[in-house]
Amino acid sequence: MDVDGYKYFNFFLYIKMSFRVVRSSKFRHVYGQALKREQCYDNIRVSKSSWDSTFCAVNPKFLAIIVESAGGGAFIVLPHNKVGRIPADHPLRLRGLRRQGVADPGRRHIAHLTEPVVDLVYHQRRVGLVLWHPTAQNVLLTAGSDNQIAIWNVGTGEVLINLDCHPDLIYSACWNWTGSKLLTTCRDKKIRIIDPRKGEVEAEAIAHEGSKASRAIFLKHGLVFTTGFSRMSERQYTLRTPDALAEPIVTVEIDTSNGVMFPLYDPDTNLVYLCGKGDSVIRYFEVTPEPPFVHYINTFQTPDPQRGIGMMPKRGCDVATCEIAKFYRLNNSGLCQVISMTVPRKSELFQEDLYPDTLSDEASLTADEWLAGEDAEPCTMSLKERAVVVQGGYVSGRAQQLTVNKRSNALATGRDREREKEREKDKDRSPTPAHKRDDSQAGTPASATPPPAVTAAIEKQLSDLVEEIRKLKSVIVKQENRIRALEAAAKAAILAPPQPEPSPQPEHNHDTPAPETMAPDEV
């Protein structure tokens, strides 16, 4: 092979290797951007507890943050439209809860909520984990420092299942996609996959060899993602299969920091965000079926370390700006910083590849159906059809109702009790069970009738569009008339004969009087 052939061979080999290295992904250019300080929450006294927790919970309507208080057990609830500096005596502070309680966020005009709607008393020591079931209504999981896991029916205030299979403190718990399995990590360095209804441990293995706390989550397709520490105190993450927990598919060491990493998972995009306590960065990865399975994308960095973090559900993201995730980051200075993760797109249309059907706020099963052994996929919704973007937020198309069959519902309001009485009266006349009927008495499904807030927002948008179209039409008509007038003037100037130049007038002496000027019709 001559020199020129060798050069061409190296060039094509370089091109081939380049195509191998560059991975095709629509999330390669995802970037994070922090909102301005006046659009964030300030003057929040975040809890200084040593418990490894995110200290923050978010939904499309409210933001809840655990704050510092005498005796503990206090948190504030903030609506998303109330930003800026939060007063020290904020009226939405909830105090005086017992082992754990479920409060009513709709009671906005009470200065201090000290009486929970439901009081769940079971654990003998502090409760560290609270986790709702992904598909069953009113099913809540709690784990305490007494090494016990309790699964509740919140509507009746009773314990459905008690799990006593952990010899030490429980660090984390996570349901799988359908809520049929439970994944936990413990101080004994083991991760366990548990069948909660049978109370049996199906698989267990050593997660990480380090002595510090570890975390584990279920991915959408059944894989297990864990974070923890190595024997040399290096932070690492692993990817495992439920059938072989002891043999990780991927093990990657990140750094030597000592903060516990919290994995936050987005099932719609298969992105995992790693947020460490005390870190100033958020790393995000994409999980794919191709090796190396966990692909590093980028890192969002800020100068301030974080004490906690909360992730907005996908139905609360702004689809108009291609926002795929939104984080509420708690700093040591008392600032709750809002961070938006965005995919850069030039088109302003709805991006269907970025927003598949996402988790909705409706339950697919009742507590009794789940306890009887039924499993179901979570209810999903389309952000294109049911979401209305109002100031970067989401307006739900249907209010969630907390109802329980066969037992009295402690969370039911007076209106719900009246409806329940009407259903009992109509039970003999109609063979349809009460829990199968919807809350609409006119025969129209509730999902087909949008709430007044959605209707008003849509009507306002339509009226604004009609007014803007009318203004544009008037501007176009004015411009057309102006163009026609200019074209006529230009045409007339071209066709008109040239005007003769005036002859120069003779100069006259100032002493001699000037001749009289005669009109054209004078002789």
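In what order do the 4 strands of the open sheet follow one another? The order is β19-β20-β21-β22, and the pairing is antiparallel. Strands here are DSSP runs of E with at least two residues, numbered from the N terminus, and two strands pair if DSSP finds at least two bridges between them.

The model is predicted: local features need pLDDT of at least 70, side-chain atom pairs count only at pLDDT 80 or more, and totals for chains, interfaces and linings use all residues. Residues are numbered from 1 along each chain as its sequence is written, and side-chain values use heavy atoms, with hydrogens and water left out.

To return to the sheet of β19-β20-β21-β22: its edge strands are β19 (215-218) and β22 (250-253), each of which pairs on one side only. On average, neighbouring strands of this sheet are turned by 15° against each other, direction ignored. The axes behind such an angle are lines fitted to C-alpha atoms, and angles run from 0 to 180 degrees between N-to-C directions. The antiparallel pairing of β19 with strand β20 (residues 224-229) runs over 4 bridges. Phe 218 stands opposite Val 224 in β20.

Another place to look is strand β2 (residues 41-42), where Asp 42 is found. Asp 42 counts as buried because its relative accessibility is 15%, and buried means under 20% relative accessible area, exposed over 50%, and partly exposed in between (1.4 Å probe, protein chains only). The side chain of Asp 42 makes a polar contact of 3.1 Å with that of Arg 37. A polar contact is a pair of N or O atoms within 3.5 Å; within protein, one must be able to donate a hydrogen and the other to accept it, and residues adjacent in sequence count only if both atoms are side-chain atoms. When neighbours within four places in sequence are left aside, the residues in contact with Asp 42 (heavy atoms within 4.5 Å) are Arg 37, Gly 84, Arg 85, Ile 86, Gly 334 and Leu 335.

Asn 43 lies in the loop between β2 and β3 (56-58). At 29% relative accessibility, Asn 43 counts as partly exposed. Its phi is near 65°, a positive value in a residue other than glycine. Asn 270, also not a glycine, has a positive phi of about 60°; Asn 270 lies in the loop between β23 (261-266) and β24 (271-276).

Pro 292 has its place in the loop between β25 (281-287) and β26 (294-301).
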